[in-house]
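This briefing concerns a predicted model of a protein chain. The points below are grouped by topic and are intended to be read beside the sequence and the structure.

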Amino acid sequence: MTSPDRKPSAPQQVHAADAEKILHHHTELPQTRLSRGLDALLIAIGKSVSWAWLAVVAVIIWSVVGRYAFGQGSVTLEEWQWHIAGAAWLLGLGYTLTTDDHVRVDVIHERLSLKAQGRIELAGILLLLLPFLSISLYEMAPYAMSSFTQGETSQAPAGLSHRWVLKATVALSFALLILAALSRLSRVTALLFGFPGPLADDSTNKDAS
């Protein structure tokens, strides 16, 4: 009989650590001066807008109580829900790219060497991510400006005005994603080509193979 509070053996501990590493895999890249500055900005924005989810919950509760306790539905509250939720989600996208916490399909990628992962990152950023984000920002900026000049409002009765704010948030989210992609790009080129120079206190290069 074994005690229920017996500590796991060393092999079990190693196995659990390996499993956690696989589940939370990240491509470790060196930091540069550019990436450190951009990352600090994007992380601060991401953490700040995360508080907006509390506002979403509060508006939902207010709306539900008003509808079922007092029989008073509100189009305004319903629109506030998706306006705030949409803005929080959009403005947090740059944070997920900066911290490498976005969804990946790493079946092959996680088994490659660090430099091989870096080459995949480089191709993906230059050929896919940056072109897509640039086109999106190019299309969305005039879209938001047009909404502003027209004084666009919600088409729903008692809906919100200033619809351009939400559309401008979409454009801003693409701009923040471009900054996150440039930060990531500088870290990839630092790993693969040595420029911009990795920060002296960053030891990631020692693990590249």
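L192 lies in helix α7. Its relative accessible area is 18%, and because the cut-off for a buried residue is under 20%, L192 counts as buried. L192 and G118 are separated by 74 residues in sequence, yet their C-alpha atoms are 6.9 Å apart in space.

**Packing of α6 and α7**

- Two packed helices are described by the angle between their axes and the distance between the axes.
- Helix α6 spans residues 114–150 and helix α7 spans residues 164–193; their axes come within 8 Å and cross at roughly 160°.
- Because angles over 145 degrees count as roughly antiparallel, α6 is roughly antiparallel to α7.
- The crossing in which α6 passes α7 is left-handed.
- Sorted by class, the residues in the contact of α6 with α7 are 29 nonpolar, five polar and five charged.

**Overall composition**

- The protein chain contains seven helices and zero strands.
- Read from the N terminus, the order of its elements is α-α-α-α-α-α-α.
- The protein chain has 209 residues, of which 35% count as buried.

**Helix α2**

- Helix α2 covers residues 33–50, a run of 18 residues.
- From the first C-alpha of α2 to the last, the reach is 26 Å, close to the 26 Å expected at 1.5 Å a residue.
- S35, L38, D39, L42, G46 and V49 are the buried residues of α2.

**Helix α3**

- Helix α3 runs over residues 52–69 and has 18 residues, which should span 26 Å at 1.5 Å a residue.
- The end C-alpha atoms of α3 are 25 Å apart, in agreement with that expectation.
- Which residues of α3 are buried? They are V56, V59, S63 and G66.
- Viewed down the axis of α3, the buried residues fall within an arc of 105°, so they line one face of the helix.
- An α-helix has 3.6 residues a turn, so residues three or four places apart point the same way.
- L54, I61, Y68 and A69 are exposed, and they sit on the face of α3 turned away from its buried side.

How values were computed: Residues are numbered from 1 along each chain as its sequence is written. This is a predicted model: local features need pLDDT of at least 70, side-chain atom pairs count only at pLDDT 80 or more; totals for chains, interfaces and linings use all residues. Side-chain values use heavy atoms; hydrogens and water are left out. Axes are lines fitted to C-alpha atoms, for helices over the stretch in contact, and angles run from 0 to 180 degrees between N-to-C directions. Helices (H or I, at least four residues) and strands (E, at least two) are DSSP runs, numbered from the N terminus. Angles under 35 degrees count as roughly parallel, over 145 as roughly antiparallel, 65 to 115 as roughly perpendicular and the rest as oblique. A crossing is left-handed if the near helix is turned anticlockwise from the far one by less than a right angle, and right-handed if clockwise. Ala, Val, Leu, Ile, Met, Phe, Trp, Tyr, Cys and Pro count as nonpolar, Asp, Glu, Lys and Arg as charged, and the others, Gly among them, as polar. The expected span of a helix is 1.5 Å times one less than its number of residues. Buried means under 20% relative accessible area, exposed over 50%, partly exposed in between (1.4 Å probe, protein chains only). The arc is that of the directions from the helix axis to the C-beta atoms.
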